[in-house]
Amino acid sequence: MKLSFFASLLVVLSGFAQAADFELKKGDHVCIVGGTVAERMQHYGSLETLIHARYPESELVFRNLGYSGDEVDGFRNKDKRMRSKDFGTFDQWLAGSAPCPQPDKLSPRDKDKVRENRFELTNTKADVIFAFFGYNESFAGEAGLGAFKANVAAFIDHVAAQTYNGKSAPRLVLFSPTGQEHIQDDNLPSKELVAEHNKALRMYSDAMAEVAKSKSVPFVDILSSLQGDRAVGRSLTINGVHQNLQGDMAIAAACEKGLFGSTKKTATPESLRKAVNDKNFYWFNRYRVTDGFSTYGERAFLKFSEGPGGYGDGLSNYSVGQRELDILDVKTSNRDQVVWAIAQGKTAQADDSNIPALIPVISNKPGPLEGGKHEFLSGEQSISTMTVHKNMKVELFAEESKFPELVNPVQMAFDTKGRLWVAVWPTYPHWKPTEPMADKLLILEDTNGDGKADVCKTFAGDIHNPTGFEFWNGGVLVAQGPDLLFLKDTNGDDKYDLKERMVHGLDTADTHHTSNSFALDAGGAVYFQEGTFHQTQVETPWGAPRRVSNGAVFRFEPRTQKFDVYVSHGFANPHGHAFERWGQDFVFDGTGAQPYHALLFSGDLDYPNKHASPPQVYKQRTRPCAGVEVLSSSHFPEEHRGNLLVLNVIGFQGILQYKLEEKGSSFGATEVEPIVFSSDPNFRPADIEVAPDGSIYFTDWHNPIIGHMQHNLRDPSRDQDHGRVFRVRYEGRDLLKPAPIAGQPINDLLGLLKSKDDRVRHLARIELSGRTSAHVIAAAKTWVSALDKADPDYEHHLMEALWLHQSHNVVNEELLRQMLRAKEPDARMAATRVLVYWRDRVAKPLELLQVQVNDESSRVRLQAIWGLSYFSGVDAEKASEIAVESLVYDQDEFIKHTLNETNKTLDRRVKQVKDSKAK
């Protein structure tokens, strides 16, 4: 790819309808709209590169407005174009014209610093619109074709009535959806499912073509651009529908031929694509700016005192944030000029000497030192301010004085080599466009065994807002809203060299609320969550977009690429998610520190419905919560095993401890002596994890201010120099010798699944996730056959084997049925959860759930009632009938709540089926 960008695409592509006599004019502004395929185009730049090469003297301006999940009627239907408050309407973005949303709330200090038109410098003002729709709509099937045609017609008429450039109606080109590719991977949609969906895509493409013809609008058929049956290494997509670089090149070539009747025959320099992508980097971070709710939304108009105080009549977030957007707009336009020069065979570098100046902010919480600086204790001095649980000791593992990179540590996790990885966030609360984008994923290592880190490596040094991460399949999943990245080191130098955007459309309205609290369950699914203000819509290869508004927990299977809303609830800001030994999980709403048993409100829901608040695990006495962990460590006395460890960062600044206990069909908890609390006002424990040696590690964000609402986003008292990691050990007890995991034989790793300590089993599962599935499953079957049935933990070992099958996406119906009837109720409960996620691949799942609904254990019945909510269509009525059978047994508050939530979902679905039959 170094010499000739499109040299491999000079093969003539056939089967694409042409947009008759379509021409681009000098100076045209081209805006791209659509879903994830359109959005991903800007990260590869293929279509823009081809067109610039074709029209080198035309000085075209491209602005990509693609957004995962968008549909063709999004211009008028907010549920098909979900955005956080005052993001900007469809028409405002295309016209490059949007007023200040709430001008009356600006202070006198703001008014000479903001533009009347906040989109004035975006350079959109569309002369031409390329529209890529149809994929998301196609899941409505034949029954939805009529509505789709009407929506396409309304879209065309609406656009034709606009003068986005201030002079004339835009020239609109409609592009068909790309086809779905069948990748020869048993974890992705089967060949049959792909073929079926491609038939639907063809129907919708033809319907779009029909409407376009009736309206005399150019239409380009690129449906075949991705279709095919391909091996994993030769695929054009990451999941069958979302293009990789080779797929983007194929789509671009198809678009070019459809638009202009031919593909360009001369080689296109790679330098042009690099220039296009550099421009798109700045545009993407402008269009999808993080902390939007405080940049243009409701909190943008909070005004603060300038000097000690709180709110006042000084600068607002709006004026400060909008100036940064102006800088990004100017930087983007500067790079347009570089693109034009290179397209014309010249050399050029961006000149950013014309960017406007940042607006300086005066702190409303200055420190006592000169210049308003705050006082900070060293890491060792900070320990002296801590009150520690009797017989426990706090030790400093790492701090910024030794590792300056260790700034604002937001989440941490141990890898299978026993090293501590930490996501650090020096650009908090988000990137300032005059500085490097340099948030990091660090690896801290104690190589001499003295309990202190002596090595710090930067695995990734160019990421943004890494609000959470989790290991999987030899790499790491990292939040970089609005995307979920997969990073992997393939050459062993502890730096990533493979990067893929795996999920798009995760809202970033408030980085305090953005994808956080990553947790991996025993079955291989990754969970993370977001808070209020957020409007998320994610496309998948398995069905219609998953949408959620104002608070959710997500469930993502990286192996299968299945993405779902796990909990839809009116959270303020959920932070904290942890699993206990049998796979039951606990979710905390961070703002109020409310603790919930996730089972009670994670039943399936259809957008826009949300679950009611369930009974809490316990009544919290303080807030807010930053994270949680279940203490499972043989280093600590047994009375601590299974306790909830809860971080608190305001008021009580430390680690609370709760004794978890069964309570009816769910859980309760009682507070016991805290692990640690501090009198240092800067102490902010942000994440907590049991280490391979059995000790408790926690990070200290260490910041005098942490609230987004209470201080200007750019308040200079937001510290960007400090960060610590501590550990807690039990005095008089030896630390555990970490089990060797990385690179160990599969059979040895299976043996570690017998460990009583959750961290050991967790790391063994992660290591196994990167091994060949066929080898893992074959070894697991042999391991199961050799298990000692007299072992008190025999059924938990069997459950580990079932979870291993789930993690590798291999259905073992025989083992599942065995575990559904295990002697241990918790095993039956755990197996019921697996059944629900395998419901499309096991025989008669509803009949199996009916048995579980009538189980003697209320805990198993609760899990089964939850599971019934996942059935839809004609199965919904049968599921509803089975749910009623639970009423013959005692009903505690947890079952009552969950049954009510399940019935709400099933009643809606039964009604939908009946209504559709009546039409």
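**Reading the terms in this model**

Modeller: Five strands form an open sheet in the order 2-1-3-4-6, with parallel pairing. This is a predicted model: local features need pLDDT of at least 70, side-chain atom pairs count only at pLDDT 80 or more, and totals for chains, interfaces and linings use all residues. Residues are numbered from 1 along each chain as its sequence is written, and side-chain values use heavy atoms, with hydrogens and water left out.

Colleague: What makes strand 2 and strand 6 edge strands?

Modeller: Strand 2 (61-64) and strand 6 (219-220) each pair on one side only. Strands are DSSP runs of E, at least two residues; helices are runs of H or I, at least four; both are numbered from the N terminus.

Colleague: How do you know that strand 4 pairs with strand 6?

Modeller: Two strands pair if DSSP finds at least two bridges between them. Two bridges join strand 4 (residues 171-175) to strand 6, so they pair. They run parallel. F175 stands opposite V220 in strand 6.

Colleague: Which strands form a hairpin with six residues between them?

Modeller: Strand 8 and strand 9 do. Two bridges join strand 8 (residues 303-304) to strand 9 (residues 311-316), and these run antiparallel. F304 stands opposite Y311 in strand 9. In the turn, G307 has a positive phi of about 120°.

Colleague: Why are helix 7 and helix 9 called roughly antiparallel?

Modeller: The axes of helix 7 (residues 270-287) and helix 9 (residues 317-343) cross at roughly 165°. Axes are lines fitted to C-alpha atoms, for helices over the stretch in contact, and angles run from 0 to 180 degrees between N-to-C directions. Angles under 35 degrees count as roughly parallel, over 145 as roughly antiparallel, 65 to 115 as roughly perpendicular, and the rest as oblique. Helix 7 and helix 9 are therefore roughly antiparallel.

Colleague: Why is helix 16 roughly antiparallel to helix 17?

Modeller: The axes of helix 16 (residues 825-837) and helix 17 (residues 845-853) come within 11 Å and cross at roughly 155°. That makes helix 16 roughly antiparallel to helix 17. Contact means heavy atoms within 4.5 Å. R828, T832, L835 and V836 of helix 16 make the contact with P845, L848, L849 and Q852 of helix 17.

Colleague: What is the mean pLDDT of the protein?

Modeller: pLDDT is the predictor's confidence in each residue, from 0 to 100. The mean is 96, and 98% of residues reach 70 or more. Over residues 1-17 the pLDDT is below 50. Where pLDDT is low, the predicted coordinates should not be read in detail.
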